[in-house]
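Subject: Structure handover

Hi,

Here is the structure for you to look over. My notes on it follow below.

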Amino acid sequence: MEGVITKDGVENINMLNFGDQNSYSVMHPAINNEGTILVFSSNKPNGLGGYDLFYATRADVKQAWSEAQLFGSKINTTGNEVFPGITPD
């Protein structure tokens with residue numbers, strides 16, 4: 001889910017289509033300051049290990065997210081990758 005934080009709470013809540021709660025988990029999202037890059041951990045099929053890192057992008061915050069893409073083997077291993085972070089570099 002994503003939404004807009006306001007002084008009154010969270011508004012404009014939308015479900016994100018990155019998971020199938022009956023088949024796999026999607027967790028621990030990280031988003032860049034501009035709101036255009038989203039990274040999360042998932043045990044989706046066809047990954048490299050238990051939990052892998054995936055990413056989605058969008059041109060600006062008013063756009064929909066792209067389809068989630070699996071990071072390659074430079075990031076993911078046969079182990080579990082969880083708790084992603086995004087830094088300027």
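Asn 46 is exposed, at 74% relative accessible area (exposed means over 50%, buried under 20%, partly exposed in between; 1.4 Å probe, protein chains only). Asn 46 sits in the loop between β4 and β5. Its phi is positive, near 70°, and it is a residue other than glycine.

Before the rest, the ground rules. This is a predicted model, with residues numbered from 1 along each chain as its sequence is written; local features need pLDDT of at least 70, side-chain atom pairs count only at pLDDT 80 or more, and totals for chains, interfaces and linings use all residues. Side-chain values use heavy atoms, with hydrogens and water left out.

**Overall**

The protein has six strands and zero helices. Both are DSSP runs numbered from the N terminus: helices are H or I with at least four residues, strands are E with at least two. The order from the N terminus is β-β-β-β-β-β. The C-alpha atoms fill a box of roughly 40 × 35 × 20 Å along the principal axes. Of the 89 residues, 25% count as buried. Take the contacts (heavy atoms within 4.5 Å) with a separation of 6 or more: residues 24 or more positions apart account for 38% of them.

**Strand pairing**

Strands of a sheet pair through backbone hydrogen bonds, either parallel or antiparallel. Here, two strands pair if DSSP finds at least two bridges between them.

β1 (residues 2-6) and β2 pair in the antiparallel sense over four bridges. A hairpin of two residues joins β1 to β2. Thr 6 stands opposite Gly 9 in β2.

Four strands form an open, antiparallel sheet in the order β3-β4-β5-β6. Its edge strands are β3 (26-31) and β6 (69-70), each pairing on one side only. β3 and β4 are antiparallel, with four bridges. Ala 30 faces Val 39 of β4 in that pairing, standing opposite it.

**Core**

Which residues make up the largest nonpolar core? There are seven: Phe 18, Leu 38, Phe 40, Phe 54, Ala 56, Trp 65 and Ala 68. β4 (37-42) and β5 (52-57) each supply at least two residues of this core. A nonpolar core here is a set of buried Ala, Val, Leu, Ile, Met, Phe, Trp, Tyr and Cys residues joined through side-chain atoms within 4.5 Å.

Leaving out residues up to four places away in sequence, Trp 65 touches several residues, including Glu 2, Leu 16, Ile 31, Gly 35 and Arg 58. Its contacts also include the core residues Phe 18, Leu 38 and Ala 56.

The largest pocket holds about 410 Å³ of space. β3 and β4 are the elements that give two or more residues to its lining. The largest share, five residues, comes from β3. The lining has 18 residues, and Met 1, Leu 16, Phe 18, Val 26 and Pro 29 lie nearest the centre.

On terms: a pocket is an open set of points on a 1 Å grid over the protein atoms alone, where a 1.4 Å probe fits, with protein on both sides within 12 Å along at least five of seven lines; lining residues have an atom within 4 Å of a point. Points are joined across faces, edges and corners, and the volume is the space filled by probe spheres set on them.

Asn 12 is in strand β2. It is exposed, with 57% relative accessible area. Its phi is positive, about 55°, although it is not a glycine.

Asn 14 is also in strand β2 (residues 9-14). Asn 14 is partly exposed, at 42% relative accessibility. Its side chain reaches the backbone oxygen of Asn 12 at 3.4 Å. That is a polar contact: a pair of N or O atoms within 3.5 Å; within protein, one must be able to donate a hydrogen and the other to accept it, and residues adjacent in sequence count only if both atoms are side-chain atoms. Asn 14 touches Met 1 and Glu 2, not counting residues up to four places away in sequence. Asn 14 and Glu 2 are twelve residues apart in sequence and 5.4 Å apart in space, C-alpha to C-alpha.

Is Asn 76 buried or exposed? At 2% relative accessibility, Asn 76 counts as buried. Asn 76 lies in the segment after β6. Its side chain reaches the backbone oxygen of Phe 71 at 2.7 Å. Beyond four places in sequence, Asn 76 touches Leu 48, Asp 52, Leu 53, Leu 70, Phe 71 and Glu 81.

Best wishes
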